[in-house]
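The following report describes selected features of a single protein model. Sequence and coordinates are shown first.

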Amino acid sequence: MAATNQDEQQTTTQALRHQEVGHKSLLQSDELYQYILETSVYPREPESMKELREITANHPWNIMTTSADEGQFLNMLLKLINAKNTMEIGVYTGYSLLATALALPEDGKILAMDINKENYELGLPVIQKAGVAHKIEFREGPAMPVLDQMVEDKTFHGSYDFIFVDADKDNYINYHKRLIDLVKIGGVIGYDNTLWNGSVVAPADAPMRKYVRYYRDFVIELNKALAADPRIEICQLPVGDGITLCRRVS
């Protein structure tokens, strides 16, 4: 009987862990997710990315970082599409940015934008040590004004191979309206957190953290809009907190 109670307690504890937004995978088994990390991700993770991941883990807002398995996925994706000119909206300490920079050729470029330069500077020494800082142009401040200028200047149209968005979810649709002009035909836009801790399928009255509830409807609205956009092909993957890839076709 005691063993049964202990098993039930362990099951409850595991379920509670999966309710936390900080859990960077939607897999319903901590053990399975750990298996993926320890078998396929960590053994092949570049030392610089490991160092930055460990630095970020000590930051009070570490919940915002890209998961290690998603970083590995982005790195391979960029190589597969031979990306050279990329953009990242939402940088935080730069884990996904470093994954991108390591994947690009020596003359590759990343326009990286974030409202908080202090967080970016936390990871910058690691990026510099990795020898890829020269690929990055960092701009502090909201991305929307920059994107508006770029859309107005036709020379930027169709100039990006890959764009990764991991920023304010309530602006994702506004970003998409602009980015679709800036990514080339055949290029890819990746939107992070499109499963939003599983809240997209939760009842509206389900218990959620305040900011999860706030952004939930915006994420749902984005997912519907992307699915209905004839200019793109989409693939929504349960990697990390959900990532939707949009390949521009027209």
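Is D148 buried, partly exposed or exposed, in terms of relative accessible area? D148 is partly exposed, with a relative accessible area of 35%; buried denotes under 20% relative accessible area, exposed over 50%, and partly exposed the range in between, for a 1.4 Å probe and protein chains only.

The model is predicted: local features need pLDDT of at least 70, side-chain atom pairs count only at pLDDT 80 or more, and totals for chains, interfaces and linings use all residues. Residues are numbered from 1 along each chain as its sequence is written, and side-chain values use heavy atoms, with hydrogens and water left out.

**Salt bridges**

With a salt bridge taken as a side-chain nitrogen of Lys or Arg within 4 Å of a carboxyl oxygen of Asp or Glu, the count comes to 10.

| Residue pair | N to O distance |
|---|---|
| E137 and R139 | 2.9 Å |
| D148 and R178 | 2.5 Å |
| D166 and K169 | 3.1 Å |

D148 and R178 form a salt bridge. Because D148 belongs to helix α7 (residues 143-152) and R178 to helix α8, this pair ties together parts that are 30 residues apart in sequence. Helices (H or I, at least four residues) and strands (E, at least two) are DSSP runs, numbered from the N terminus. In the pair of E137 and R139, E137 is partly exposed at 41% relative accessibility, and R139 is partly exposed at 34%. D166 and K169, by contrast, are both buried.

**Strand β4 and its neighbours**

Strand β4 (residues 160-165) has 6 of its 6 residues buried, so it is largely enclosed by the rest of the structure. Two strands are said to pair if DSSP finds at least two bridges between them. Strand β1 (residues 85-89) pairs with β4 in the parallel sense over 4 bridges, with E88 opposite F164 of β4. Strand β5 (residues 183-192) also runs parallel to β4, joined to β4 by 5 bridges; here I163 stands opposite I189 of β5. The crossover is termed right-handed if, with the strands pointing away from the viewer, the path from the first strand over the helix to the second runs clockwise.

The buried residues of α8 are Y172, Y175, H176, L179, I180 and L182. These residues cover an arc of only 150° around the axis, which puts them on the same side of α8; the arc is that of the directions from the helix axis to the C-beta atoms.

**Further strand pairs**

Strand β2 (residues 109-114) and strand β3 (residues 136-140) run parallel and are joined by 5 bridges, D114 standing opposite E140 in β3. Together with helix α6 (residues 117-129), β2 and β3 make a right-handed β-α-β unit.

An antiparallel pairing over 6 bridges links strand β6 (residues 232-237) to strand β7 (residues 243-248). Within this pairing, I234 has C246 of β7 as its bridge partner. The hairpin of β6 and β7 has 5 residues between the strands, and G240 there adopts a positive phi near 60°.

**Helix α2**

In helix α2 (residues 30-41), the residues D30, Y33, L37 and V41 are buried. Viewed down the axis of α2, its buried residues fall within an arc of 70°, so they line one face of the helix. E31, Y35 and E38 are exposed on the other side of α2. An α-helix has 3.6 residues a turn, so residues three or four places apart point the same way.

**Loop residues and a surface patch**

W196 lies in the loop between β5 and α9 (210-228) and has a phi near 40°, a positive value in a residue other than glycine. W196 is buried at 7% relative accessibility. N197 occupies the loop between β5 and α9; its phi is positive, about 60°, although N197 is not a glycine. At 18% relative accessibility, N197 counts as buried.

M76, L80 and I81 make a nonpolar surface patch of about 310 Å². Patches consist of residues with over 30% relative accessible area and no salt bridge, like charges being joined within 9 Å and nonpolar side chains (Val, Leu, Ile, Met, Phe, Trp, Tyr) within 5 Å; accessible areas come from the Shrake-Rupley method with a 1.4 Å probe, and for residues only the protein chains shown count as cover. I81 is found in the loop between α4 (68-80) and β1, and is partly exposed, with a relative accessible area of 30%.
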